[in-house]
Structures are given as C-alpha cells and as structure tokens.
Amino acid sequence: MSHDFVPVQWNRQKYIYDALLLAGTFIFLASFMVLGMRAQAADMSILMIRAFGSCAIVLLHIILFIGPLARLSDRFKPLLYNRRHFGVITAIIALLHGAFALMWYHGFGTINPIASALGGYGDYGTAIEFPFESLGLIALIILLIMAATSHDFWLSRLTPPMWKSLHMSVYFAYAALVGHVALGAAQFDKGWGLFIALAIGALLLSLLHVAAILKGRGLDKDVLAQSVWINVGAPLSIPMNKAITVTPPSGERIAIFRHAKGISAIVAVCSHQNGPLGEGCIRDGLVTCPWHGFQFDPETGAAPPPFTDRVQTHKIIIEKGDVWVNTTPDILGTTRLAVQVKS
Ligand code: HEM
Ligand code: FES
C-alpha cells in the first residue's frame, strides 16, 4: 500500500465516479419508465419490475466488461478501481427487481412467495413451465453475498485467494441470469428482442475476455528454459519503470522491473486483491499496482511503512548480456538488491 493512497476512504475521484454511476442508473430507469408508458407496454408496476431487472443486467454486463477492457487498455483502469461500487448498486437494483417481482407475481397466492417462485406452480421438467424466477433468485443471492463482502474488511478476513474465488462466482450468477431472462422472455411471449440483446451481450463478453487472454499471453516472453532459470532477454528490452511478465512452468507469474536502481523481480500477483503487478509501473521508486495503487519495494517486496503487505521477490542475474530470473520465489521478506545495468 502507498503513503498517499487510502483505498477505503473517500476522495474527489470516488465522489465523481459514484455521482456518474448513480446519475446513469437514474437516467436508465427514468427513460425505461417514460418510454414504456408512452408505448403503453404494461402497467406501472410491471414496467417498474422490468426497468429494475433490465437496469441490473445492463450494470452487470458493464461490471464484466471492465475487467478485460482494463487489461486491453490503460484508459479503462480508473473504472476498475471502484468497480465494487458498481457491484453494490447492481445488487441493490436487482434486489428491488426481485422483491417487487415476488410481491407482484407471487404475493397473492396461497403459498409463500419465495416457495412459489422456487416452483410452487411450475414444473422443472419442461422449458415452458420451468420456474425461471428460481434462477433469478440464485443470481440475486450471489450478487448480494458479493456486495456484502466487497469491503476490504472481508478481503482480509477471507484472505485474497478465497475472496477472489468467491467473487468469481459472478460468472455463475451471469449464466443463471441468462437462463432467467431467456426462459422468462419465452414464457411471457416477448418476441426476439431480449434474446438478441442477451446474445449480443454474451458475444461481446466472450470476445473481450478472449482478447484480454491473448494480450496477457503476448505480454509473456517466451519461456526459453523450462527449468529453474528463465531468460528474459536484454536488460534494455524492459521499458524503464515498467515490467516484463514471465510465466514459469509452475507457480505464479513473475514481474521483472527496470528502475532507477537496476533490475528487480517480484511475484506478479498483488497481495491486496491479486491485481496484475506486472501491468503496474514504478512510482516514487515503488512498484505500484494498477488496480488500487498498493505499492511494493522492488528489492524487498514490502509495502512502505506503516503498511505491512508483502509480496515475494525473485533472484535475478545478468549472464552474457541477458537477464535471467530464477523461477523459485524467495521466502517472504527476502531482500534482493537490484542488479545494475551497464550501459
Ligand atoms: C428473487 C429474484 C428474482 C425474481 C423473483 C425475478 C422475477 C422476474 C419476473 C417475474 C420477470 C418477468 C417480468 C415481466 O416481464 O413482467 C423477470 C424478468 C427479468 N428479470 Fe428477474 N427476477 C429475479 C432476479 C433477477 C435478477 C437478480 C436480475 C438481474 C440482475 C433479473 C433480471 C431480469 C430481467 C433483465 C428481466 C427481463 C425484463 C424485461 O422484460 O424487460 N432478475 N424477473
Ligand atoms: S492494489 Fe488492489 S489488487 Fe493491487
């Protein structure tokens, strides 16, 4: 973590980000309602249910777009920093949709609304009577758990790897929602509009993720030695104050930085939320994570005091004009002085 970066406190940038997010959400909901009323598509209650549902799924798509976009271009990284705010708003809007839908479509029968949505009157064996609301309910529970655990408190409580695994279930929620909306559209006989919108969303998401994966591979230098040492290439091929990332045959990726003191290597996974340190830069002599700005000394892997975060270092040598990195990470806390580059 850095001295001047306080991730959980409010600053001007966060206020602007949230103001834009709330304004965008409000404009979407208001436009949906106004256009729906003008077209006399349905009565107010149903329009409201549809407006909240559509808004939540659009927000979810934006959330899922942000990750790969930020990997493809630095311009999108500011969106990534406060992505959790997107998640919380999405969960709240989805909750409003789900709660109103439960009341409106399941609140007047003889059985409990949740039991009714889970299949009280439906049949899981047929597509046309499949209780599609159950899929929405599963997704809603996942979104709410993610929103509730999005704070840094839960990140440190659960540990970053477990927190990340939990938050990867957003893809499961997304799949459940595709089923929820598609089956709902079929059962309510809504025509092809929603199917086409879902297909475009899924296609864009897949393309972006594939492009980001391909770019990530491009960042990796060829692993010349499949053993303990990897040849990274000439020292000057590493851009000043930036890194080249290599993937060892096993273990975490390694980021090799060139900075004012020379060349250093650290594990490329941020101790905060597993952010890609190899895509960060050196600021004030410290490796700065591109996601939330945590900083680490390239020679010790330690965050500057008073912070206590750490990442592992790796041994570097320069042999016959090439930089070589040892693929076995050092014990946490090991200092590796930067290897100087002769010009
Ligand atoms: C308790 C959970 C949920 C219930 C009971 C529920 C129920 C419903 C119902 C009854 C409809 C059909 C509404 C109509 O066309 O009149 C619907 C549609 C929809 N739902 Fe849900 N839902 C739930 C969760 C979710 C969640 C979590 C999302 C998104 C994040 C979502 C997104 C949508 C969308 C996009 C539609 C289509 C809206 C439209 O036709 O314009 N639902 N849902
Ligand atoms: S600072 Fe949050 S992941 Fe690195």
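This is a predicted model: local features need pLDDT of at least 70, side-chain atom pairs count only at pLDDT 80 or more; totals for chains, interfaces and linings use all residues.
Student: What makes a residue part of the shell around ligand 1, and how many residues surround it?

Tutor: The test is whether the C-beta atom, placed from the backbone, lies within 6 Å of the ligand; 27 residues surround ligand 1, and the closest are G53, A56, G98, A101 and G136.

Student: Which helices supply at least two residues each, and which gives the most?

Tutor: At least two residues of the shell come from each of α2 (44-72), α4 (83-106), α6 (132-148) and α9 (170-187), with α2 giving the most, namely 8 residues. By class, the shell has 17 nonpolar, 7 polar and 3 charged residues.

Student: How do you know that the span of α6 agrees with what its residues should give?

Tutor: At 1.5 Å a residue, the 17 residues of α6 should span 24 Å, and because its end C-alpha atoms are 25 Å apart, the two values agree.

Student: Why are residues such as L135 and G136 in α6 called buried?

Tutor: A residue is called buried if 20 or more other C-beta atoms lie within 10 Å of its own, and in α6 the residues that are buried include L135, G136, A139 and L140.

Student: Why do β1 and β9 stand at the edges of their sheet?

Tutor: The open sheet has 3 strands in the order β1-β10-β9, with antiparallel pairing. Both β1 (229-233) and β9 (316-319) have a single partner strand, so one side of each is left without a neighbour in the sheet.

Student: What makes β1 and β10 a pair?

Tutor: Pairing needs at least two bridges, and β1 and β10 (residues 322-326) pair in the antiparallel sense over 4 bridges; in β10, N326 is the bridge partner of W229.

Terms used. Residues are numbered from 1 along each chain as its sequence is written. Chains are lettered from A and ligands numbered from 1 in the order in which they are written. Ala, Val, Leu, Ile, Met, Phe, Trp, Tyr, Cys and Pro count as nonpolar, Asp, Glu, Lys and Arg as charged, and the others, Gly among them, as polar. The expected span of a helix is 1.5 Å times one less than its number of residues. A residue is buried if 20 or more other C-beta atoms lie within 10 Å of its own, exposed if 12 or fewer, and partly exposed in between; C-beta atoms are placed from the backbone.
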